[in-house]
Amino acid sequence: MRSGTFTTKRVPGASRRWCVPPAILRDTDETLEGVQILQEFPNEHGLLLWKAYRDVTIWAATEPGDRLELFVAGAAGRRLQQLGEVPMENRVELALTVLVAVVSTPESIRAEAVTLACQGVSVWARERGKLGTALLFAQAAALASPEQGRAGYDVGSLALLMDRPARAETWLRRTVGVARRGKDWESYALAYVDLGALYAKRGDAEAARRHYARAARTARRSGYPAVRSAALHGLFVLEMEQGRLDQAEVYARKALRAYGAEHPRRPELLHDVARLWVARERPGRALSMLKKLLPGRGEGQDRAFTLALLARAAAESGDRGEYEEAWSTAWLAVDYDLSGTHSPALLELARAAARQQDWPRMQQASRLYGLQPRAAVPTRNGEELSDLLALARRGD
Amino acid sequence: LLVLHGNSAVRERVREAAAGYEFRSVKDWQDLHTSLQRSPLTAVAVVDPWHPGPPGASLERLRELVQRFRAFTIVAAARYAPERGDVLREILAWGVADALDIDRESTPAAITRRLGSVQARSAHRLVFRALEGSVPSRTQALLSGTAEVVAAGGQAPELAEAMGADERTVLRWLHRAALPPPRRLMPWIRLLFASELLDDPARSVESVARLSGYAGAGSLKVSYRNLVSEPVRGLRAKGAFAVTAAAFRSELRALREQAREGHQPEANWLH
């Protein structure tokens, strides 16, 4: 009976507090189950992935005792033949081959195997930037093994990444319940970290702080330093954005210690520390840090933001040459984008130009910032920009 | 449930899966058009997109069908080989509700699931159309689950079963989400389905009641009196769905106000 929401069968004899409320399985604009797969893979892979996804969802929605006659006899042979005819990467072919067993032996295939195979496809799709497909396969993995907290967390985390807050929230809260029941404290803490990020993104600093703090506490008690550092990093950025710079610095130090030297997110933390230094009016330190980090910032949004921050740090230090170069390169990287992804970079560019009393550039950045979608422009930044523009007009 | 398919095995399996539907196999596209004209909006057509029919390619016939009967649920049942992905995308873009791959899914159990899933999606869309504005995520999840159970003809015990909890727990979840209890929420959703049908002037109140799961016109009228406080005749003139949806929203607003005044815990879910 279930399809739009996702629940877990109640454990017989378990108390009411162990029942976990349902999660959202689809957004209201989703007209057909799995249609994003066909949209993201407009080639032969698309149909094979779509069929595999739908097999898992129908299998997971059917009671184990009723699965024997779910699929047509001989369907698995045809599917294997199709898999053989369509060239694809080994690891995804392997995962899809495992999922053929959902059709050939639906009554006996183990849920864990189905979950692992779906997670494999999800990771593969995510690496290719096909987030809709990644989300659907992560969800299929969670449907196959509803008791696995980690599988539910993956869905919530991907939904958050795709900016689907309602879906993310229900999955992450569900993960908290399932993980607590299974004493899976890593997934439990991870879900709290992402809930913190979700509320921070929506401007509810108090809820974000509470969730990050809970994640940090659980991770420390249960011995998951990587999760603890992610929570501390979240708290640091939250406090910095709230203007509580002393508290932010305390969390930044803790997060740096917790990440250690080799953690893959350490450069991101150092970048945020550079932001803190700019905010604390220590532009010299920020400038040297940002120059070191720039080569690793890749392309697109991240690079444009780092360059914009570099321009601001240079402007604050009074280094006109460095400012000019960073500002121009950042402006090229922003490339008149109107999607809202470059809003933070544009704000930094406007601040940098204001600091240098470079009014033409100040107006250039402000105008483009004003054209960004309203959702990408926090109110307080809009107000700050109005002040800067007033300053620019006086400067003219 | 109308079926247009050249494969007799598929027709037979759809018939087996059609418990709860009135089953009819139609002989050609023209017959399908005529049958849909006489059918309620709850009718589902399972068709072979490549079923022969003049003139030219039969996919064109499917496009005509979907365009002409937009309010109906049309499921395209065929063999979808990997190289037919573009065809599938195209027919789904026309507005086909679902695609049934007869290579794997033409068992009665799978067809039942797929039809149930199509029905659930329609129910989901209808309820969220009634709500118009933004709904907190937890409320969305609970409403979506409830709409699907109502669409399948379920009551409060089935809702609890579908949500994997006992009835008291579901009651508590709904209360925390500032929603009415199941025994009031489910009649509301059923009434929204009925109102959608009632807006079709060609339909009698008796047939609307029967199609929406009421025992008869009398119980539908009682339900309208209890929940919307409007007689059926007046509703038709004003737009039954719009009036019912407004009354539903107003009840939800009142419950939210009550919850706010009572400072219920966990009331801070995202909108």
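Colleague: How many residue pairs are in polar contact between chain B and chain A?

Modeller: The count is 18, with both residues at pLDDT 80 or more. A polar contact is a pair of N or O atoms within 3.5 Å; within protein, one must be able to donate a hydrogen and the other to accept it, and residues adjacent in sequence count only if both atoms are side-chain atoms. This is a predicted model: local features need pLDDT of at least 70, side-chain atom pairs count only at pLDDT 80 or more, and totals for chains, interfaces and linings use all residues. Residues are numbered from 1 along each chain as its sequence is written, chains are lettered from A and ligands numbered from 1 in the order in which they are written, and side-chain values use heavy atoms, leaving out hydrogens and water.

Colleague: Which element of chain B gives the most to the side that touches chain A?

Modeller: Helix 5 of chain B, with 10 residues. Helices (H or I, at least four residues) and strands (E, at least two) are DSSP runs, numbered from the N terminus.

Colleague: What makes B:Glu148 and A:Arg26 a salt bridge?

Modeller: The rule asks for a side-chain nitrogen of Lys or Arg within 4 Å of a carboxyl oxygen of Asp or Glu. Here N to O is 3.4 Å, so the pair qualifies.

Colleague: How many residues are in contact across the two chains?

Modeller: 54 of chain B and 56 of chain A, where contact means heavy atoms within 4.5 Å. The buried area is about 4,700 Å², and carbon and sulfur atoms give 56% of that. Buried area is the accessible area (1.4 Å probe) that two parts lose on being put together, summed over both.

Colleague: Why are strand 4 and strand 5 of chain B called paired?

Modeller: Two strands pair if DSSP finds at least two bridges between them. These have 4, so they pair. They run parallel. B:Ala77 has B:Leu100 as its bridge partner in strand 5.

Colleague: Which way do the residues of strand 5 of chain B point?

Modeller: B:Asp98 and B:Leu100 point one way, B:Ala99 and B:Asp101 the other. In a regular strand the side chains alternate between the two faces of the sheet.

Colleague: What makes A:Arg275 and A:Glu241 a polar contact?

Modeller: Their side chains come to 2.9 Å, so they fall within the cut-off. A:Arg275 lies in helix 13 (residues 266-279) of chain A. Among the residues that A:Arg275 touches are A:Phe305 and A:Leu309.

Notes: Buried means under 20% relative accessible area, exposed over 50%, partly exposed in between (1.4 Å probe, protein chains only). Lists of a residue's contacts leave out its neighbours within four places in sequence.
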